[in-house]
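Here is a friendly walk through a two-chain model. Have the sequence and the 3D view at hand, and follow along from one part to the next.

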Amino acid sequence: MSAYRKPLPSDDPLLAPFWENAKAHRLSVQCCRACRDRHFPPGPVCPKCLSEDQEWETVSGRAALVSWVRFHRAYWDGFVGDVPYDVCLVALEEGPLLLSNFSGPMPEDPRAGLPLEVVFDDVTDAFTLPKFKVAP
Amino acid sequence: MLILKNKVAVVGVGTTAYGSFPEIDDYGLAARAFRNAVEDCGVDKDKIDGLLCCRIPSYARMGEILGLDPRWTIHMPPHGRMSGMAIVEAMLALETGAADYVALLYANIGRSRRVNYGGEELAGIWDPWGFTSPGAAHAMMLRMHMERFGTTTRQLGEVSVAFRRHASLHPDAVMKKPITLDDHAAARPIVEPLRLLDYCLINDGAVCIILTTADRARDLRKPPVLISGVGARDAFSRSAISNFDADFWYSETREAGEAAYRMAGVGPSDVDALMCYDNFSPTVLFSLEGLGFCGRGEAGAFVEGGRLQLGGDLPTNTDGGHLSNSYMQGWALNVEAVRQLRGECGERQVAGCEVVQYVATTPCTRSVIYTRG
């Protein structure tokens, strides 16, 4: 098996639970135990109430398509074989926005609001990328 | 800020040539721009007691090179949104007496040093999905604008075509060959829906702007250009995706614009020329809507038919902007505002130009309204 050459998750310790959950096929966002605000990316304190009492909450995986773009340029060598490739912006049912990829080809009729659901792509033994497909 | 209306004047502006200059560094370019600005206004260099450096590695080295010992020094990061912020800071310093003559200095050597935007070595949160670059963020916003309001890439092309026409009339501009809407549509896609002609240039160059109080400005070489209005609003709480806002910074642009208009006592219909931060062409559409030149979602239709071109209703980026003149990250647009009000723009001069507005619709949105002194 050839080495995975695309960018790996950053080693930001705040994000580690997100990637650990993804590896277990759980999509999660940071949630404030004090005021229940859900946010992503995570922070050291809640952006609403500044509490440090934060936990990770598994979300439904249901989302709506917000926007999408097609990269014709490979900004990393690992993407050279992929161009053109698509990146989508989705709004999780629970609120936060997430950038991701479609799990297969671009939906035939992409439009804002298209219902999506998460799928987990085990791209290496070490990490899993949450992606999205059209909800049935 | 209302009390600062017409209290601060731009008295000197200086620019360098724009292009690729591997033989000179940012300090050398900034020194040229500084010398040109000093000559432009005739101020005694040693009277300059305020120094603001942006995208220049060291303010101390810059001051050493120019032989300055200021009372007020500020260093700003190399981000595109700093010029309007810098101007507001300078106004405050001049009004409070922290400085009497302020030089704002900006230099960029991104072309000759092969600066890339996107794919940075420092891992970003969205990298694993292949998302990177400010252009991609603006492509994402444009798609949302298209979905929500029916805006088309053909309409967007009007922005690039207008600014290229202006650049063709500007001797210093980097890209002077006129383009058509068809050229825009046929350009190489980078991150769709954006194509090459929707992207700013990357080039070397430097800009210097010298400001002082309106009282002191009367003693200098050229008629002062007054800062009549400024407005500001940042948007950090929604900035999880860099250079992206799901609402196109609409409320921030509206607020900054309204504050600037109120302070200056003018409205959009009084603006003779608009200098609009154009890192990517969609930013112009977002700015026009936020400032109220057209209704929400109507910017695509608004720019059709050459409305942004010289001779149109709202001549915009008459120097060619970042898309075709020079990637001086807002700084050169503020210089163009001054030159238009002085009547120094030759073939690209807006006739009877009395009010010029600058706007940068970004996570740090700023607007500045300039008038003739």
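Among contacts in chain A between residues at least 6 apart in sequence, what percentage join residues at least 24 apart? The value is 51%, where two residues are in contact if their C-beta atoms, placed from the backbone, lie within 7 Å.

Before going further, a word on what you are viewing. This is a predicted model, in which local features need pLDDT of at least 70, side-chain atom pairs count only at pLDDT 80 or more, and totals for chains, interfaces and linings use all residues. Residues are numbered from 1 along each chain as its sequence is written, while chains are lettered from A and ligands numbered from 1 in the order in which they are written.

**Chain A**

Chain A holds 1 helix and 8 strands; helices (H or I, at least four residues) and strands (E, at least two) are DSSP runs, numbered from the N terminus. Read from that end, the order of elements is α-β-β-β-β-β-β-β-β. The C-alpha trace of chain A spans about 45 × 35 × 25 Å along its principal axes. Of the 136 residues in chain A, 27% count as buried. A residue is buried if 20 or more other C-beta atoms lie within 10 Å of its own, exposed if 12 or fewer, and partly exposed in between, with C-beta atoms placed from the backbone.

One sheet in chain A is open and has 3 strands in the order E2-E1-E3, with antiparallel pairing. Two strands pair if DSSP finds at least two bridges between them. Strand E2 (38-39) and strand E3 (54-58) of chain A each have a single partner strand, so one side of each is left without a neighbour in the sheet. Strand E1 (residues 28-32) of chain A is joined to E2(A) by 2 bridges, and A:Cys31 has A:Arg38 in E2(A) as its bridge partner.

**Where the chains meet**

The contact draws 30 residues from chain A and 28 residues from chain B. On the chain A side, the elements that give two or more residues are strand E4 (62-71), strand E5 (85-92) and strand E6 (97-100). E4(A) gives the most to that side, with 6 residues.

**Chain B**

An open sheet of 9 strands in chain B has the order E3-E2-E4-E6-E1-E7-E10-E9-E8 and mixed pairing. Its edge strands are E3 and strand E8 (273-276), each pairing on one side only. Both senses of pairing can be followed in this table.

| Strands of chain B | Sense | Bridges |
|---|---|---|
| E2 (residues 50-54) and E3 (residues 72-76) | parallel | 5 bridges |
| E7 (residues 225-234) and E10 (residues 364-372) | antiparallel | 9 bridges |

B:Leu51 stands opposite B:Thr73 in E3(B), and B:Gly229 has B:Ile369 in E10(B) as its bridge partner.

The loop between H2 and E3 of chain B contains B:Arg71. Is B:Arg71 buried or exposed? B:Arg71 is exposed, because 12 other C-beta atoms lie within 10 Å. Leaving aside neighbours within four places in sequence, B:Arg71 is in contact with B:Asp49, B:Gly50, B:Ala98 and B:Ala99.

B:Glu252, by contrast, lies in helix H8 (residues 250-264) of chain B. B:Glu252 counts as buried because it has 23 C-beta neighbours inside 10 Å. Not counting residues up to four places away in sequence, B:Glu252 touches B:Arg233, B:Ala235 and B:Thr365.

**The core**

The largest nonpolar core has 152 residues, and those with the most contacts inside it are B:Ala30, B:Leu105 and B:Cys208. Such a core is a set of buried Ala, Val, Leu, Ile, Met, Phe, Trp, Tyr and Cys residues joined through C-beta atoms within 7 Å. Helix H1 (residues 26-41) of chain B gives the most to this core, with 9 residues. B:Cys208 has contacts beyond four places in sequence that include B:Ala33, B:Phe34, B:Ala37 and B:Leu105.
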